[in-house]
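This briefing goes through one chain and then one interface.

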There are 4 protein chains.
Amino acid sequence: MSVVRVLGVNGSPRKYGNTFKLLTVALRAAAMEGAETKLIHLYDYRIEPCIGCLCDVQESCRYPCVIEDDMRLLYDEVLKADALIIATPIYWYQPSGVVKNFLDRLTALENMIFVDGHSWVEGKVAGVIAAGNDSGLVMAASCLLSTLISMGFMVPPFSMVGFNTEGDALDDPAVVSDAANLGRNVALLAKLVKGFKGVWYDARLKEWGLREAASVREEAARLREKEIAERMKRIGRLLEGSEPRASP
Amino acid sequence: MSVVRVLGVNGSPRKYGNTFKLLTVALRAAAMEGAETKLIHLYDYRIEPCIGCLCDVQESCRYPCVIEDDMRLLYDEVLKADALIIATPIYWYQPSGVVKNFLDRLTALENMIFVDGHSWVEGKVAGVIAAGNDSGLVMAASCLLSTLISMGFMVPPFSMVGFNTEGDALDDPAVVSDAANLGRNVALLAKLVKGFKGVWYDARLKEWGLREAASVREEAARLREKEIAERMKRIGRLLEGSEPRASP
Amino acid sequence: MSVVRVLGVNGSPRKYGNTFKLLTVALRAAAMEGAETKLIHLYDYRIEPCIGCLCDVQESCRYPCVIEDDMRLLYDEVLKADALIIATPIYWYQPSGVVKNFLDRLTALENMIFVDGHSWVEGKVAGVIAAGNDSGLVMAASCLLSTLISMGFMVPPFSMVGFNTEGDALDDPAVVSDAANLGRNVALLAKLVKGFKGVWYDARLKEWGLREAASVREEAARLREKEIAERMKRIGRLLEGSEPRASP
Amino acid sequence: MSVVRVLGVNGSPRKYGNTFKLLTVALRAAAMEGAETKLIHLYDYRIEPCIGCLCDVQESCRYPCVIEDDMRLLYDEVLKADALIIATPIYWYQPSGVVKNFLDRLTALENMIFVDGHSWVEGKVAGVIAAGNDSGLVMAASCLLSTLISMGFMVPPFSMVGFNTEGDALDDPAVVSDAANLGRNVALLAKLVKGFKGVWYDARLKEWGLREAASVREEAARLREKEIAERMKRIGRLLEGSEPRASP
């Protein structure tokens, strides 16, 4: 089995703070699991904001993106990787603006589904680290996770890790342990699915699904028939006979 | 390879509406992928709200939960399953209260990490379906996904699916296709990881991580040295010489 | 000016923990601002889950709800209040299931907009407190705030307060200060808007808006004309002449 | 009463699409309510990403920010305004990267609390519009609302409005009506609170709160005494006598 590659993306302008530290722990754990790892700092690259081409012409949003900036280097890093760990500082409960621009621009890989039939990141593995002085960890990480999953990444267990108080994140044994497990799990899952050569979005399921839809609709209608009579008896109670009570 | 089991959990009081329909499409696609499937309606069970035992005594929150209600049946369903698809109606941008109570009560499986060292749901696969008449799909699904990932579930590509307009969800080919792919991916990923017999939270990584921490801290400090001088020159600019401008 | 009433709703099963403490600080600050205050524990009431009547018949969801349980008492508490402070424990990054059921059931007040033309909670003031041992504060509070704002509540400055580490929340001076300011601001804003007797959702603005729409559309079209030519030149670049690069 | 000023901020690169249209309807409604209004396009300004100074030196993050770019113009626009309407496209369930950079940079106004004792945006009014082709409206809007509230803005009823399907947002009468009411409510609330000359974060409440804390703690302890005995009897049930059941 060939080696898996894990790309760590650091989205903090303070390049060697808690975000870096937790990401480094994760990448070292991934390496211990046999992965090749690489860490890049987004603040070292010039990443212009997305200009929303796909709203004008869906298929115009495609690799390598019409904007000629450092994302071209980053696209290739992402394409080479089997797994991605995004480590973001928590800025106002969300990823930093730079991480957001990076995400928005990744659309050029995801949107290939409209060009050649599949997202170019599908089947890759992702984990998320979020670090800040204050609350917002889950909000920031959830924004990232739901996006990554929609783009076609898969997410291993326990792969949302963070730190949201002041001080050195490495002083917190639970957080260190969580970051290490995240790195290991990202590499481990990438290895487990590496052999799979099929697709993760099977366009033929649309046809199949629409054929099934008829019988699903029928089944639902039949089952609902009994339910609805009972529900309507209950639901209608306040509608009968009287005007709604005046508002206070 | 033994068959995988996929449990579909329907959290809607309207038992045969869009939530059911999309869940059924997903389960049929999982079955086509070789899974055994089962659909249950949460509204058929009496699920009392969590009473937060773990805040008083961490290890008192454990299977089968001190509350003697129908969750005892549901715990066993979840334990038997390799994968879980939670289908929720979107009530105020979140899962319904019943789904939330179900989630809160699942803590008795996750919190086993404090009793016998690992979450009893770790390594299971999960997907999320959310259906409603109005917006809130992503918020509701993200609440579920971040929770499931933290509990130890893994999440396959494209496994956040929903419908948030009026009408029959089965009339929307893209949504039908998405639900089918979700069901297939949940089963597929469960099959791909089924052979893995290790743990997904390796407690020994805490010790390892703390040993690594020293050198990570050192590396960060060394790299930061150069960065900080430059940063401070820039950062301090507004602090020099003058009072802050009066507020308007 | 008549006195304002502030209702504090405690959603924790541990009735006298951090949720209670922060809520009590907030209510005392509200009282100092001249408000009448009252604290209720949701776990003292029997609150059945919403059964989603409005999806079957929109206007059947109305005060006092077809479900005959203790929400009938709570509806009247909410209707009497000028302001609401919801204090929830953080359970899996969201409000507790009991708080969620309470919210879902409040729909019977909000949905009066389809019965007599306005939400019965519109113009009331709301603040949110979330307390837990772990992260999720912002996610839980945001779920509540976005819901309350959509229902017709208004939200004063700094009215999202929480605590998400272990220990006694009252030992953290910043959190105590935040809770006090939340309570004061909720009462203060309720006083400032008390004199306003108009509506906060003016249905006549629909007609007005649709009339304006024509000229807005025209203005947008005119301005867009120049923009689109330039955009298309840029956007189309990758579409010209060549096949999309093969996927990796 | 002097006139109120409402600043509309358009965060879309497609400057005259749905985001613009809904924002324009809102601003016209605000004008009808007597406000002076102004619309700016963020994509017309050069906004560098935040570099996180406050994590190094808290009070170094202050107006007018060490970064010398077009935010200096935007800070002054925000300071002059009584109310802000942020209209963002929905990019991956969140505000666009440009809106995020704008938000992050607003910290220089909010963080004045550490310089001269109060957030320079406190007491201003805010509303949020989010427009996209797909889901994510509530997630994107909630990110913005929770941030704005934490910064010191207040939020009127119904001030989270959006559109998340394809087509012209102005063709949807409900959305047009919502946008108009948002604009009106933002102006209306700004007028209602305009006369208030006090502060919205009273630092003296920290001292007061800490004095109250003693008696709150005492009250909680006293009430908890009865509760805890009963809880422990219930909670401890699974801990007694037996080993935890083996995991499956």
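The model is predicted: local features need pLDDT of at least 70 and side-chain atom pairs count only at pLDDT 80 or more, while totals for chains, interfaces and linings use all residues. Residues are numbered from 1 along each chain as its sequence is written, and chains are lettered from A and ligands numbered from 1 in the order in which they are written.

**Chain A**
- Chain A has seven helices and six strands.
- The C-alpha trace of chain A spans about 70 × 50 × 40 Å along its principal axes.
- Of the 248 residues in chain A, 60% are buried (20 or more other C-beta atoms lie within 10 Å of the residue's own, with C-beta atoms placed from the backbone).
- Of the contacts in chain A between residues at least 6 apart in sequence, 79% join residues at least 24 apart; two residues are in contact if their C-beta atoms, placed from the backbone, lie within 7 Å.

**Chains C and D**
- In this interface, 55 residues of chain C are in contact with 55 residues of chain D.
- On the chain C side, the elements that give two or more residues are helix H1 (18-32), helix H5 (137-151), helix H6 (173-194) and helix H7 (204-235) of chain C.
- H7(C) gives the largest share of that side, 13 residues.

Terms used
Helices (H or I, at least four residues) and strands (E, at least two) are DSSP runs, numbered from the N terminus. A residue is buried if 20 or more other C-beta atoms lie within 10 Å of its own, exposed if 12 or fewer, and partly exposed in between; C-beta atoms are placed from the backbone.
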